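Please keep the sequence and the structure at hand while reading.

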Amino acid sequence: MSSENSHLIKGATGDWEVVIGLEVHAQVTSNSKLFSGASTEFGGAANDHVSLVDAAMPGMLPVINEECVKQAIRTGLGLKSEINLFSRFDRKNYFYPDLPQGYQISQFQYPIVGEGVVVLDMKDGSTFNVGIERLHLEQDAGKSMHDQHPDYSYVDFNRTGVALMEIVSKPDMRSSEHAKAYVTKLRTILRYLGTCDGNMDQGSMRADVNVSVRRPGEELGTRTETKNVNSIRFIGQAIDHEVMRQIDVLEDGGTIDQETLLFDPKTGKTRSMRSKEEAHDYRYFPCPDLLPLEFDQAYVDTLAKDLPELPDEKKERFMKDYGLSNYDAGILVSSRASSEFFENVAKGRDAKLASNWVINEFFGRLNKEGLEIGTSPVSADQLGGIIELISKGDISGKIAKDLFDIVWEEGGDPAQIVEDRDMKAVTDTGAIEAIIDEIIANNPKQVEGVKEKPQLVGWFVGQVMKQTQGKADPKVVNGILKEKLGL
Amino acid sequence: MPDLLDLSIAEAREGLDNGDFSAKEYTESHIKEIESANKTLNAYILETPEKALEMAAKSDERMAKGEAGLLEGIPLGIKDLFCTNGVRTTACSHILDGFEPPYESTVTENLWNAGAVMLGKLNLDEFAMGSSNETSHYGEVINPWRREGDDAKLVPGGSSGGSAAAVAAHLCVAATATDTGGSIRQPAAFTGTVGLKPTYGRVSRWGTIAFASSLDQAGPITRTVEDAAIMLQAMASHDEKDTTSVDIAVPDYRKELAGKVKGMTIGIPKEYRVDGMSEEIEALWQQGIEWFKDAGAKIVEVSLPHTKYALPAYYIVAPAEASSNLARYDGVKYGLRVEGDGIDGMYENTRAEGFGDEVKRRILMGTYVLSAGYYDAYYLKAQKVRTRIKQDFDEAFKDVDVMLTPTTPSPAFAMGEKSGDPLEMYLNDIFTVTVNMAGLPGLSVPAGMSASGLPLGLQLIGKPFDEGTLLKAGQVIEQAAGELPKPTKWWA
């Protein structure tokens, strides 16, 4: 755990501490909506996925989608949270054209998931715990469209009623780095669980960012809430901007208004949406159309049993079973796909070597080409084949990189390629000796020089490699050279 | 041949099965009667004679093939709170102008599946909010009954005033209705008809326009207790589309009518002897007690100590739910839209013009009691009262099978008599709201006549899902009361 003081911000009048809490809205992965059978598919023509219930036709009633409940429980388990066997749906009442019922069905007083924790791995190798306050299920709203007609706005109810999990953190974060790491980790966990696709650009995940500042050790300051920030980078920008704005206001002798803000990605700034005076009175009350949500511990246990291995546990296992460093293991488990790719490469092979190759060569190349594991031209089997050839000493590290390039560009079985293209390392010491003898004979000046400056042996190694097209084992070459040159 | 309009469902089914008359003839006679009477009584706000004849013709076909359903060829009136596919449904509110649902409510679907015929949509208080059917956007319903020697127009009660008046005036053999605080039983009592409010969850609410979701329950208004049993049989179902509907098999209610009353215990809740109860209501209640004694039932006094809090608590819970349920009528999607300055202006104009005064009053009350700072004092407190009321009934029902009370504190009153005073109007529900608050079944049966010559009803309250016992007890009153007078047909 890094020290508290490292997060303080120096103002003109002294240090400030930043306090951040996030409410993340994560769209539940499910085929149909929270209370209706309509499809949750993204896209489609406006109002293509709208049932009578979604459109709030008179007399229509919500019926809970059990799959969404299971997904919320799975998520709660993944966040090491308490699962509430009794929870209840409430109505949050307000008027807006994209809210056809005139209320959102949500869980106010009794959420399905209670307190938990998310562990962050910070860049300096430390860990940082962010508490989870609660997770509840609620309906998403539709979308207003203001660009369809000169005089009217239109509404699209496709998203109306899609299940959201609102995941509320405790105000534990102290910097935008924490907040970004938290959302990244949360997204990783949700993706591992398969409970939310985490696609922020499609609006599947978005955050309301609560920020306040205070003098270290003092009471919490007044917070502002920046609504619906839809990328991790923007979350960082919104926090940084809001922190500086609040410090400026306070240092000028002003006070912070408790208000709701919007983040403008174009300017990187926040601006006021509504003040506390304009805040809605949502008139929450239990939704009389739905019975309380009740299930027993056995139901939760069954879901827990089928949970996939999660990133924290997986990282521990990678460190223990494969002897990887905390840092390397952290990178490999950052997505389910990358961890699975690594394990396929490492299976029965040199895991350390596999980890280096996956992280440096493979991920490096993917990044460079803008590809993902799913669209990679090199499979785990192919990369594993290369690792095997290195381990057996059939190829040197340098040749391995060439081989990787060939497999990437042209495909094929690495062992076969090495065979076909005569890329095997030269391990015949007699042949290497002959080459060295020839080089020594032809270059008396260099032989003179190396006797005075032993590091010039590198030149000889280079010559040998050149003549063997890199196939000679550098260790063997070095040994013979030292002997022959009397070093 | 008897006058077809005078038949009960049971009698008509027999006549249809015997081939005494066809479904078409039976339906036609009702259509004709509606044509002549409805201008005056205003029970129907939409007549669907073509649809009725089409459905009747199909009934005749099915009967010819020996495939008669429980309600085959029975012409019904449908309260305009039930959504009917392709047939205008308005809740008698201006705000649902021209709304034609593309779906059929579960209740009406069940009725059509049983072979029933739809004559049209019946008038009600706007969004079922009212006890006199004076708040309808389509005008008041006139009670077929008049005081002796007095031409003053009387209210039929509400909110199912159209349903009760149509059944009483023989403009249909039975009608669907809904009851949130007494809206089936009070108009039944005011019109000399039988009104059954089933246990909450017995009948699906899907496709029925919501007033107060935790209290609303659909049921029938009929002219006999047996008909109420038949109607409930067809209306009730477990519906996966309504999670508050209960998965309990629907019994054969007609069979349960045959059971014995002898040895049954009838509870008389002492708290229902309210101050200022009229002598004739008191006498009617006593008469009812005697009838049950004569039938061999045991009479015991029971106590429901929280009764006096039921009405105020009801007028918190029901408006609270209504204020939220009616938020969807915003001019955006269907029904009335009145243009305005921006979206807020459109909302304000639409809802100002679209809702009547009583609906606005309840939305205001409901919004108030749910507001921050008031929620605990009103809504939460009312819910606690509701729990106590339920516990009162649970306790009392340990010792009794059904309870007997008056349905209303008075007979039908004159139009305009109470519409200026909401509080006095709300007091109409004093004997009926407790039943909704506790989710129990309640039945109003005609039991006698007032000094002014108007029908009076007695209410029976049953245990949850024990409508069978309730109906059986209802027949004791029906049989003991004997042939009661009918309204003189002044409207024809």
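## Contact between the chains

In this predicted model, the contact draws 25 residues from chain A and 33 residues from chain B. On the side of chain A that touches chain B, the residues divide by class into 17 nonpolar, four polar and four charged.

## A three-stranded sheet in chain A

Chain A holds an open sheet of three strands in the order β5-β4-β15, and the pairing within it is antiparallel. Its edge strands are β5 (103-106) and β15 (285-286) of chain A, each of which pairs on one side only.

Strand β4 of chain A, which covers residues 90-93, is joined to β15(A) by two bridges in the antiparallel sense. In one part of this pairing, A:D90 has A:P286 of β15(A) as its bridge partner.

## Helix α2 of chain B

Helix α2 of chain B runs over residues 23-41, and because 19 residues at 1.5 Å a residue should span 27 Å, the 25 Å between its end C-alpha atoms agrees with expectation.

The buried residues of α2(B) are B:A23, B:Y26, B:T27, B:H30, B:E33, B:I34, B:A37, B:N38 and B:L41. These buried residues pack against the chain B helices α1 (9-18), α3 (49-64) and α5 (161-168), and also against the chain B strands β1 (44-47), β2 (75-79) and β3 (117-122).

Technical notes: Residues numbered from 1 in each chain as written. Chains lettered and ligands numbered in written order. Predicted model: local features only at pLDDT ≥ 70, side-chain atom pairs only at ≥ 80, totals over all residues. Contact = placed C-beta atoms within 7 Å. Nonpolar A, V, L, I, M, F, W, Y, C, P; charged D, E, K, R; others polar. Pairing = 2+ DSSP bridges. Helix = DSSP H or I, 4+ residues; strand = E, 2+ residues; numbered from the N terminus. Expected span 1.5 Å × (residues − 1). Buried ≥ 20, exposed ≤ 12 C-beta atoms within 10 Å, placed from the backbone.
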